[in-house]
Structure formats: C-alpha cells, structure tokens
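User: Please take a close look at the local backbone and helix packing in this model. Keep it brisk, and give the cut-offs as you go.

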Amino acid sequence: MFTFKVWQSRVGSWRCLALLWAIMLLLMSCNIVIPAPASAPAGEGVAPAAPAEKVTVVYWAHDFTPRVELDKKYIAEFMEANPDIEVQYEVIPADFDAKLRTALAAGTGPDLFAQWNGDIGQFYAEEAIVPVDFTAMGLNSQQEFMDLYVAPENTLQGAMFEGKLYGIPNELSIYACYANKKMFEEAGLDAETDFPATWEDMVIVAEKLTKRDADGKLVQRGFDFAWGGSVWMFLQWGAMVRQLGGSELELTTPEAEQAMQYWVDWVHKYELGGPAYWGAQLDDFLAGKVAIECDLGSWARPQIEEANIEYTVKPVPIWANAKNKNHFDIYAYFHMVNARSAPEVQRAAWKLAGFLDSHPIEYMVSTGLLQARKELVESKEYQDTPYINVFLDEMTVSMYSPRIPRFIEVADALARARDRAVVEGMDIKESLAIGQQEIDEILAEQPME
Amino acid sequence: MSEQQLSVIAKSQQRFKQSGLWTAIRRDMIFRRSIFGILFVAPAMLFFLVFSVYPMVNGVYLSLTQYTLLKPPVFIGLDNYMGLFSNAQFLNGLKVTALFVLGTTIPKWLISLGLALLFVRQFWGREVFKTLYFTPTLLSAVVVSLVWKLLLHPGGLVSVLARPITQKPEMFWLADAWLTPLTLIAVDNWAGIPFFMIIWIAGLVNIPKEFYEAALIDGAGRWQAFWHITVPLLRPTTLFVIIISTINSFQAFSLQYVMTRGGPSNVTTTIALLVYNYGFNYFKMGEAATMSVFMFVVIIILTFIQIRSIRAEETSYT
C-alpha cells in the first residue's frame, strides 16, 4: 500500500500550503532582486552583434490615427532599406504614460519611444535614456543636426541637458489662439483686427464676447483658461509669469502674484469663466461654448475645419508691461532611446528615429503636426497651410517648461496654489507661499542638474 | 456461526484494526480524499497566491524601499513610514477619505435597508420599481461618473432641478471646496444603495414568517417586531453590508479620478487617488506602497472591530 507521510494529516495539508508559499516567495525574490531587462544592459560587457545579425527595435508610440498611418508607411520603407533591422511597432491606445513607466520599471520597456517633454527631466535624472547618436543618422555632429531646425535654441531646448540632446522631436507643438469669427461678428467685432494682443485687452474683448441667458447663466464665454490638468499651469500660467520676467518655480515674487491675481480676477471680478465651466480641450470650442480658445496647437486645425467653424489663429497675448515676448510654452513629443537597450539596438533605434523625423512636410500635411525643420518652412506646403506660421513664429520666441524631475508633482503643487486662491478664496500671497514651500520640498528630494 | 467463531472473527477484526496495515489503509483512503480536494483547490489557490498574495507581499516590500520605477528599488527600512504623518498630502487624503467613508456608509446602510423593507412588501408594480432602482448597480463606475459629470455642469439638469431651493441659475457642484465632496458622496450613494438593497432583501426573505405571526399573536407591534425579530436575525446580512460598504468606500478611486481628479484644491483626493498619483505620476512607488499598506492595516482593524461588535455567529433561528 502506497502512502505519503507528509500527507497523512491536517499537518500535512498545512505543509502543502507552506510549500506553495515557499514557491511564491521564491518567485517574488526573483523579481525583487533586479528585473531582467528586455535587452542586455548597455556597456556591460555584452559583445555587439555581428553585422550580419538582425537587430530588433521595439518602438512604442501613442495613438493618433493620422500619424500612425504615416508611421507604418515609413517604418516599412525603413525596414526595406535596412534589412538588418526589424522594427516592432506598437501603438498604445490609452494611458501611454503609465504603461510606458511601468514597462520601463519592469525592464520590458521599448527600445525607442516617443514621449512628451514632461517626463524627460525624470528620465534624464534616472539615467533611463541615452544621448542622441547622430552618427547613426548619418550626421557628423549634434550641431549638424541642430542646424536643420528653425530656432534650435528654442525648439530643441526641451531635450537638452548639459549641452547634449537626449531626444529628437517627433511632434513639436505650441498653443495659439483660435478665434470663432462668427461669434466676433455677432459681438460687433472683427476677429482679425480686434483680437487682443495683451492680457489687459483680453478682458475687454472677452467681456464683449461673453453671453448670459435671461437667468444669468453663462452660455458663451469669450475666453477661458485651461482649468483641467495641472500641466497647463506650466504651459499657460508659468508662461505668463515668465512674460513678466519671473519664474513659475519662484512663487513669492510680484510676477507670480500678478499672474495669479489675473486668474483669480478672471473668475471672481470679471466673472468670465472658471474651473466650474471647464469641459475638455477643443470640445468647448467645437460646441460653440467659447469664442477664443488658447490651448490648442496646429493639430486642432483639421477638426475645427471639419466642424465648419470659420476661424482665425492669433498669437497668445502678452502683458502690456512684459519683459519677455514669449507666448505659451512649447511642448513636444521626443523620440528617446532606452538606456537599457543593447548598444547595437540603441544605434538602430536612433537610425529609425532619424528616418521617421526626416519627413516633416508629409507629417504636417497629413496630421497637422509640426517638426520645426528648415526644409518644412521653405516648402510650398508650409506656405500654403493657413496659419501654420503663427505656431512656428511663436516657437521662435517661446521656451519649454522647466525640465525637472517630478514635473507633474510640481505642476500639481501649482494647481493647488491656484485652487486655494480661486476656489477657496485664500489670500494670493499666502497661497503662493504655501505652494513655494511644497515646490522647494519636491525639488530638494531630487535636485535639478 | 457459533459464538466461538464470531468471537474469533471479532477478535481478528479488532487485531486488524489495531494493526499498522489497517492504519495504513485508512490513512491511504484519507489521503486519496485529501489529494483530490487539494488538486481541485490548487488552481484557485495558485491564482490567489500569484495575483493577490504575491502583489501584497511585494507591496509590503516596496513600502520599505525608495523606488522611482526607473531604477531598482533601494531598501531604506521604515523611512517611508516615519515620513507618512508629516506628509501634508497624506494627512489631507486621510481626512478626505474619512469624510467620504462616513458619508457613503451610514446613509447606504439605512437607506438601502429602508428600501428593502419597502420592497419585501407586496404592492402594485413592485418588480418594475425594484428593477429600476437596481439599474445604477449595473453601470460601471466610469459610466456613472461621466454621466453625472454632465448632469452636474453649473447650468446643467441638476442645477435646474435644484433651483427652487438654491435660487441660483448655476451651481458649482464640482468646483466648490465644500460642495464638491458632498456631491461625490451623493453620487456614490446613488450608485451603491441599490446593490445593498438587494442584499438586505435576500436577508429579509430568509426570516421565517412564523416568527412574525407568533409575535403578532403575542401582541407585538410593528416596531417591536422589527427591533426584536428583524434586526437580530439580520445580523449576518448586516455584517456583510457593513464590511463590504466600508471596504468599498475606503478604496474609492473611480469617481474621484473621472469627475474631479481629486480637485478642486485636493478636497476630493482620497488615499486611493493619492496612491495612484504617487506611484504613477510622481515616480514615488515606495511611498505609494507605504500608503497602501497603511490603509490595508486600517481596513483590517476596522473589519475586525465590526465583526466583533456585531457577533453575527450568535444568530440562530432555533
């Protein structure tokens, strides 16, 4: 008769369970040690692949349908021209940021990815990305690459750390103001000539464009700020502070107070909008709820035209007493390469990125997305595209938000300062002082380079 | 058979039962039963271990580390726990969560029980109304949040309906420091009450009618019957409702994420939302894990207190 002593009693069953626990703990400890990278770590004694071996580049991009179609076309062309490189292209349909971060954490991140500049400070600080390899793109130097761009000291600044580029722009964007011509006409204004050039004039024009119904309900706003995600505090409010000569990381200054006072007055003194009315980017403009929308890039033009809205595009206003003539901040999706990828994969990834970003005209025509290259500006397509020059002209005098680690955490601190003043009615100086303390603590945890 | 033969057989049986062979056969039979049971349970147990226990244990480990997602975790001992109560965001999150839990548990218990007591009675259209009341439970939290966000627009339907009371054309339901938390509590109650109503109904219909008939014969009134028969016999159901609703409220995330993103001014940033922000937006997974472990302990303690207070195991129909 066959028996197992270990199973003989309840004690045996508990031992069985203990064995399963031990297996789980063993599996857990394997993960805790160091997650296995997708490719062998760079520069750790891994012999580069022989030239004849095929290199696979995993490339992740966020979902923007017109751009995806073009990406696929050019990736196919690239693979045909480079038979030793295979590209696995993955479009992440939703929540790209969280998916990318967790994949990088697990060591299963892509070799090449296009991510916005809000994350680049953290990636750089954590050594998660590598400097651009310009020789892989067939160029001799970084300067040769920068010479391809319009105003590179502005347009490429977002990926520059200690004089080195850590990404090349896949999509460059900046907000300009879209104005609904019909709404201007109804208010007895001309969108082309009466559009406000200063924040002071914006109040006057917005009051004329604002409509309320018989009950006093706000049914049409002249203009409103982006009250949604906290990153707009950098892009809009921060830029307004810098126009005055200040910095969005220094909140206890007259410049920061003046900008914050304007936002508070917009809601409570002029009653022209506020966080309660915030819907979503573009939706309010398309729905005819707002006459001027200044949180849209060149990418919004196709949808506005599809909605049959007669519009014009104007530069974002500047303070009458502005010291700097920047508009709202530039932002971009940069192609970046994973530091954990093998050297030969990194090189192939940069080669692919360089190829993809060398078709600025096609990308602009098909998607409305800008790559601020000189060849684009000199092209007939650029000249024929209405209002595109407004965006590029803005970029040449504007800058990126600070490239800091914990970008979103700082943005949230700015948003809390705004909400304390606008929603809770706290004294602006007091609110900004609290915000300054929070920002100082955040930046002290992981200092900027 | 003679007595002697029977005696011999009996003695043989006794000796056999006392022998190691019988013990071995019996243990083998138990083993065969046990092994099949274990084999049937093993897949579920493995699933539970891999997708529940392992993440929990890993979370406890991460709470002892500094982990930015982009580099391997660095062990720092209890530093995250030491810094927890000096973290203003966490303290705010505790306050917001406590308020939300209070606002979405007690009303749920009472209102859902009231509705259940109503729906166990017979009346015309009972099933139709019960189905309609149950509908919110069928919707996902995201759908509920999006729909209510539209309804709660300053000039939206809710403002129009509330105008006789508020006397204002617009109400900032989701942009006011004190109104927004109450609004979210109301939405959560609207979505959650129907589910617990069904749970109460299931408990109520299981109470034998004879008890009420006997009480009626003895001259008990409706309130006496409710207090002395219904309430005690509903103890197991009460325990379930209280524990589940409390845990759900502590884990509140979807409503806050979709409707307000924790604003305005962090008045709706629950601990669950804060954990998400810390882990995935701020690159502070270690601190996020610490907050999660803390909340886990709080929920465990509360659940234990609730179980001990209600003593549902003492309920018996005999």
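Analyst: Pro264(B) sits in the loop between α12 (254–259) and α13 (271–281) of chain B. Helices (H or I, at least four residues) and strands (E, at least two) are DSSP runs, numbered from the N terminus. The peptide bond between Gly263(B) and Pro264(B) is cis, with omega about -5°. This is a predicted model: local features need pLDDT of at least 70, side-chain atom pairs count only at pLDDT 80 or more, and totals for chains, interfaces and linings use all residues. Residues are numbered from 1 along each chain as its sequence is written, while chains are lettered from A and ligands numbered from 1 in the order in which they are written.

Another proline of chain B is Pro236(B), in helix α11 (residues 235–250). Pro236(B) is partly exposed, with 14 other C-beta atoms within 10 Å. The cut-offs use C-beta atoms placed from the backbone: buried means 20 or more others within 10 Å, exposed means 12 or fewer, and partly exposed lies in between. Val205(B) is 31 residues from Pro236(B) along the chain, and their C-alpha atoms are separated by 13 Å.

Now chain A. Its mean pLDDT (the predictor's confidence in each residue, from 0 to 100) is 88, and 88% of its residues reach 70 or more. Over residues 31–50 of chain A the pLDDT is below 50, and this stretch has 31 contacts in the model beyond near neighbours in sequence. A contact is two residues whose C-beta atoms, placed from the backbone, lie within 7 Å.

Two residues of chain A have positive phi without being glycine. Asn308(A) has a phi of about 55°, and Arg406(A) one of about 60°. Asn308(A) lies in the loop between α12 (301–306) and β11 of chain A. Asn308(A) is exposed, with 6 other C-beta atoms within 10 Å. Arg406(A) lies in the loop between α17 (388–395) and α18 (407–422) of chain A. Arg406(A) is buried, with 23 other C-beta atoms within 10 Å.

Take α19 (residues 428–445) of chain A. It has 18 residues and reaches 26 Å from its first C-alpha to its last, close to the 26 Å expected at 1.5 Å a residue. The expected span is 1.5 Å times one less than the number of residues. Ile428(A), Ser431(A), Leu432(A), Gly435(A), Glu438(A) and Ile439(A) are buried in α19(A). They cover an arc of only 120° around the axis, which puts them on the same side of α19(A). The arc is that of the directions from the helix axis to the C-beta atoms. An α-helix has 3.6 residues a turn, so residues three or four places apart point the same way. On the other side of α19(A), Glu430(A) and Ala444(A) are exposed.

α10(A) has 15 residues and reaches 20 Å from its first C-alpha to its last, close to the 21 Å expected at 1.5 Å a residue. Its buried residues are Glu255(A), Ala256(A), Ala259(A), Met260(A), Trp263(A), Trp266(A) and Val267(A). They cover an arc of only 130° around the axis, which puts them on the same side of α10(A). Pro254(A) and His268(A), on the other side of α10(A), are exposed.

Two strands pair if DSSP finds at least two bridges between them. β7 (residues 176–180) and β10 (residues 290–296) of chain A pair antiparallel over 3 bridges. In β10(A), Glu293(A) is the bridge partner of Tyr178(A).
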